[in-house]
Amino acid sequence: MRDKDVLGIIVCNMHDDLIPQLTASRTLGSIPFGGRYRMIDFALSNMTNSGIEDVGLVPSKNYQSLMNHVGNGQEWDMSRKNGGLSILPPYAGERGVYRGRMEALYGIREYIKASDAANVVLSDSDVVANIDLRPVIREHEESGADITLVYKYSEVFKEKKQCAALFFDECGKLLDLYLNPELDGKQNIYLDIAIIKKPVLDELIAECASKDEHSFVHSVLMAKKGVLNIRGYRFDGWCNKLTGLRNYLDANLALLDADVRKSLFPAERPIYTRVRDEVSAKYGENAKVSRTLVTDGCHIDGEVENSVLFRGATIEKGASVKGCVLMHNAFVGEGATLEWVITDKNVVIPAGTHLAGSEKYPLYIPKDTVL
Amino acid sequence: MRKKMIAMLLAGGQGSRLYVLTKDLAKPAVPFGGKYRIIDFPLSNCVNSGIDTVGILTQYEPFELSEYIGNGQPWDLDRMGGGAYVLPPYQRNTGRDWYKGTANAIYQNLRFIERYDPEYVVILSGDHIYKMDYAAMLEKHIEKGAAVTVAALKVPLSEASRFGIIIADGDGYITEFEEKPKNPRSDLASMGIYIFSADKLKKYLTEDEADPASENDFGKNVLPNMLEASEKMAVYSFEGYWKDVGTVDSLWEAHMDLLDASDLDLYDKNWKIYSRSPVMPPHMVEEGAEISGSMVTEGCTVGGKVERSVLFAGVTVEKGAEIKESIIMPGAVIKAGAKISRTIVGEKAVIGENAKVGCSCADAKITLVGPEAKVENKAEIEPGAIFGKEAVK
């Protein structure tokens, strides 16, 4: 059954600065990932697979590629007569680009007010995971929490970026939250997905606006931890929170692991994306491919190992691609060699070119570059 | 607004020479080319030719086909005042009938055609793999001032007796028709694609229906009748890839054509073939896998060896399995150590460990394993065998 009781909101431009290379001409939500997806597909699919029918997307800038990707939401079954997917760009003349989630929500307060949902799922688009939100919502309702935060018990990010560690008391209430803590080992890392009682959210939006506060983490989670009933939900599947270019490479290559794919792509909860009507991938007589994810529309006649190839990549005879992520329509000419390279969309690597980054510092080639 | 041309697509065929593949499935719904079903070709041709209204006439095992067509959205045929419509036979106050023949099927849907009041109607079948611009054919039809234009292509004279053969004059008008002649006098074969001026279509279908002796078939009855009535009948010569995939051998050959550099270019961005895409992640090529001269689709996991084959969506090829010159349809599982050669494996079939199916000898017959069939571990299936879910032959 569809759940009209829950409203989904995805803030698309949070964390854009984490990967400035990839967000130069797009929002974080439209960063390509995993061969055929965009980051936003995971948040959107998690919502649609959890029966959430009404979803608002809040971009702030550079959102042409995002709008082009999600269209009317039909691929996620969100093209509905009433509700469904709504793209909610900021009104001009207000503050322009929002500084934080609360400000983003203030900009769409009328949309939120108009919904008669009891709860709001507030999500960013920086996490790659397949999360069934139904048990999260159930637990949120049963526990009587005002806010339930989804977290993963995992290592603190080495980059110390956008890493919020949550601490709960014995009864499961939020005690404290450390941003980018100087801690080692495993902690409860917040996955930027929160379930919030809608009346509580309405009040918080108004309060933050009146105080000119914009941050969900600072002005809500930290400031209200003693006042509101804030609880956690531990997610145990595979997930990755984007923290930088190296992490982007690692996360893509993590998909080469069968267990990761099993957790991310279970048959009963597919990750939906925009259909591009590509033909099956074609392997030539000289193709040698091993431990690689290959998407429809690729032509491979060279050697590929330990890589992720997006739609329409061409690897010519004698070319060698290792440890790479090649986005849409990459062309690697005869005899070229690529190692630890990330190519953005439509990059052309002519025959005989040799390019190498390192595993810890991949070489990034911007969109539309013709070498 | 009056439509210039709509399409009527005959998709009721049983495809009995595909045996177990069409046991529970209409022939036009048979998977083709990694991502497609046969019907995607005429449907995509329609859309690429600027036709926005297509009536799809179904009769045999219509469920999967109807589900596949849905609202027509994958082909951009979810249109206001048009789009894709599945038209099964139905009951009316004058009685009810199955579609008795190709002509009768269209006759029973004359009201559908009248609703759009087109100037022209193109009649298509859902049995062939080809790319064709029906708009160019219509131009010819108008230019020739014809009542009907029949698309035709040259076939080797030795094979001509399998087809409806057209004899035309120097100006491109049809002078004679021969349905599967023993001694063909022409190598011009009808492709079963007709553009009718709508009023002529109505006239001759109504007359045909009134004739109790008629088999209600376009090739056998309607076109000869029009010829007899001295209607202007033009021939439209088609050059390019065209293949009837109505037999196990031809279905297999068409896939090999895809792998070779043939005239059938699915990668042409100017004439895309659309399909309802499964929602699956990219395919995974595991360590130790060997893939060459093949097509592999999203959702597959390949750990074994794949040579000159087509893998449809969601196929699993375990380590140590070997697939050669074969077609593996959606969701099939080829277990470790199995060897499959010159075989068509149906949807969701499972080939057991170390089983041997077919033979790789160049002249070996094509083997067919039906949808959902289960081949036991170590079993051997002879070349040319047909192994169904209930193991029929």
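Q: What is a salt bridge, and which side chains of A:Asp202 and A:Lys198 meet in one?
A: A salt bridge is a side-chain nitrogen of Lys or Arg within 4 Å of a carboxyl oxygen of Asp or Glu. This is a predicted model in which local features need pLDDT of at least 70 and side-chain atom pairs count only at pLDDT 80 or more, while totals for chains, interfaces and linings use all residues. Side-chain values use heavy atoms, without hydrogens and water, residues are numbered from 1 along each chain as its sequence is written, and chains are lettered from A and ligands numbered from 1 in the order in which they are written.
A: An α-helix has 3.6 residues a turn, so residues three or four places apart point the same way. Both A:Asp202 and A:Lys198 belong to helix α6 (residues 198-210) of chain A, 4 residues apart, about one turn of the helix, where helices are DSSP runs of H or I with at least four residues, strands are runs of E with at least two, and both are numbered from the N terminus.

Q: Is A:Lys198 buried or exposed?
A: Buried means under 20% relative accessible area, exposed over 50%, and partly exposed in between, with a 1.4 Å probe and protein chains only. A:Lys198 counts as buried because its relative accessibility is 7%, whereas A:Asp202, at 25%, is partly exposed.

Q: Which parts of the chain does the pair A:Arg26 and A:Asp344 link?
A: Side chains of opposite charge can pair when their charged atoms come close. The side chains of A:Arg26 and A:Asp344 form a salt bridge at 2.7 Å, N to O, and this pair links distant parts of the chain, 318 residues apart, with A:Arg26 in the loop between β1 (3-11) and β2 (32-33) and A:Asp344 in the loop between β23 (341-343) and β24 (348-349) of chain A. Both A:Arg26 and A:Asp344 are buried.

Q: Which residues are linked with A:Arg101 in a network of salt bridges?
A: The network links A:Arg101 with A:Asp124, A:Asp126, A:Asp192 and A:Lys241. A:Arg101 lies in helix α3 (residues 101-107) of chain A and counts as buried because its relative accessibility is 5%. Contact means heavy atoms within 4.5 Å, and, leaving aside neighbours within four places in sequence, A:Arg101 is in contact with residues including A:Asp124, A:Asp192 and A:His214.

Q: What does B:Pro118 show about contacts in chain B?
A: B:Pro118 is found in the loop between α4 (110-116) and β8 (120-125) of chain B, and it counts as buried because its relative accessibility is 3%. The C-alpha atoms of B:Pro118 and B:Ile6 are separated by 6.4 Å, although the two residues are 112 residues apart along the chain. Leaving aside neighbours within four places in sequence, the contacts of B:Pro118 include B:Arg2, B:Ile6 and B:Ala198.
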